[in-house]
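Good morning, and thank you for coming. Please look at the sequence and the structure on the screen while I speak.

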Amino acid sequence: MADLDGDGTADRVSSPSRTGAGLTITFGAEGGRGAKVGPRDLVGERGDGAKDVLAVVADFDRDGWSDLFVVATGAFQGDDPVRPDVSELRLGPFSARGRGQSDHHVDLSEPRAIAVADYDHDRYPDLASYGHEGDGVYSTTARLGGVKGLDRRSDDRNRAYTKEADQTDRATPDSMPEADLTAFYPLCVGRI
Ligand SMILES: [Ca+2]
Ligand SMILES: [Ca+2]
């Protein structure tokens with residue numbers, strides 16, 4: 001639980017799946033009257049019609065405000081990886097429509113599942129993305145968090161964490177890291 005939009009009241013994040021598809025944010029959760037939104041509400045119109053719209057929340061740039069990472073990707077098209085319509089880190093506080101203080105693009109290859117992880121064990125959140133690299137090859141790749149946000153693209157440091165996956169129909173492959181999210185989020189205490 002955290003104040004995501006900066007209005008002084010606590011907002012609730014729940015993410016029942018490990019793929020980024022089921023993220024739900026309830027703004028103003030304490031009164032129970034808040035707006036409930038998911039990835040498709042947050043992505044904006046550039047993500048309309050995308051097959052997969054995924055989102056995760058974590059303080060990737062370490063300024064104390066939770067940030068939104070959202071990605072929208074069209075349907076599988078064959079050998080060449082599909083370029084996502086949206087693949088952005090939006091720095092918090094961010095609104096119920098997914099607008100942040102600023103945003104930057106993160107280069108990912110046909111992302112089909114995303115998760116928060118801590119790849120480099122510095123206790124700060126990083127992003128994991130599972131996707132199609134082309135020619136039927138799927139892999140899980142890392143984008144590390146830092147004061148400037150997330151790594152914009154693949155580089156020597158984050159490439160070391162790439163894991164190739166067998167192509168399967170499973171939404172969450174074994175190569176997807178499973179982080180203990182309580183390391184990054186304050187737990188919601190008490191009532192709903
Ligand atoms: Ca932040
Ligand atoms: Ca980290």
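I begin with a definition: two strands pair if DSSP finds at least two bridges between them. Helices (H or I, at least four residues) and strands (E, at least two) are themselves DSSP runs, numbered from the N terminus.

What is shown is a predicted model, in which local features need pLDDT of at least 70 and side-chain atom pairs count only at pLDDT 80 or more, while totals for chains, interfaces and linings use all residues. Residues are numbered from 1 along each chain as its sequence is written, and chains are lettered from A and ligands numbered from 1 in the order in which they are written.

Let me start with the overall composition. The protein chain contains two helices and 13 strands. Of its 192 residues, 41% are buried; a residue is buried if 20 or more other C-beta atoms lie within 10 Å of its own, exposed if 12 or fewer, and partly exposed in between, with C-beta atoms placed from the backbone.

I turn now to the sheets. Strands of a sheet pair through backbone hydrogen bonds, either parallel or antiparallel. One open sheet has four strands, in the order β4-β5-β6-β7, and its pairing is antiparallel. Its edge strands are β4 and β7 (103–105), each of which pairs on one side only. From one strand to the next, the twist averages 15°, where axes are lines fitted to C-alpha atoms, for helices over the stretch in contact, and angles run from 0 to 180 degrees between N-to-C directions.

How many of the residues of strand β5 are buried? Seven of the seven, residues 67–73, are buried, so strand β5 is largely enclosed by the rest of the structure. D67, F69, V71 and T73 point one way from β5, whereas L68, V70 and A72 point the other way.

Consider next the partners of β5. With strand β4 (residues 52–58), β5 pairs in the antiparallel sense over seven bridges, and L54 stands opposite V71 there. With strand β6 (residues 86–90), β5 is joined by five bridges, again antiparallel. Within β6, R90 is the bridge partner of L68, and E88 is the bridge partner of V70.

A further open sheet has three strands in the order β1-β2-β3, with antiparallel pairing. Here β1 (12–14) and β3 (36–37) stand at the edges with a single partner strand each, so one side of each is left without a neighbour in the sheet. Three bridges connect β1 with strand β2 (residues 24–26), and S14 stands opposite T24 in β2.

In the segment before β1 we find D11. D11 is buried, because 23 other C-beta atoms lie within 10 Å. D11 and F27 are 16 residues apart in sequence, yet 4.6 Å apart in space, C-alpha to C-alpha.

Finally, some points about the backbone. Most residues other than glycine have a negative phi, and most peptide bonds are trans. Which kind of peptide bond runs from G92 to P93? That bond is cis, with omega near 0°, and P93 is placed in the loop between β6 and β7.

R62, in the loop between β4 and β5, has a positive phi near 65°. R62 counts as partly exposed, because it has 16 C-beta neighbours inside 10 Å. R123 also has a positive phi, of about 70°, and is found in the loop between β8 (111–117) and β9 (126–134). R123 counts as exposed, because it has 8 C-beta neighbours inside 10 Å.
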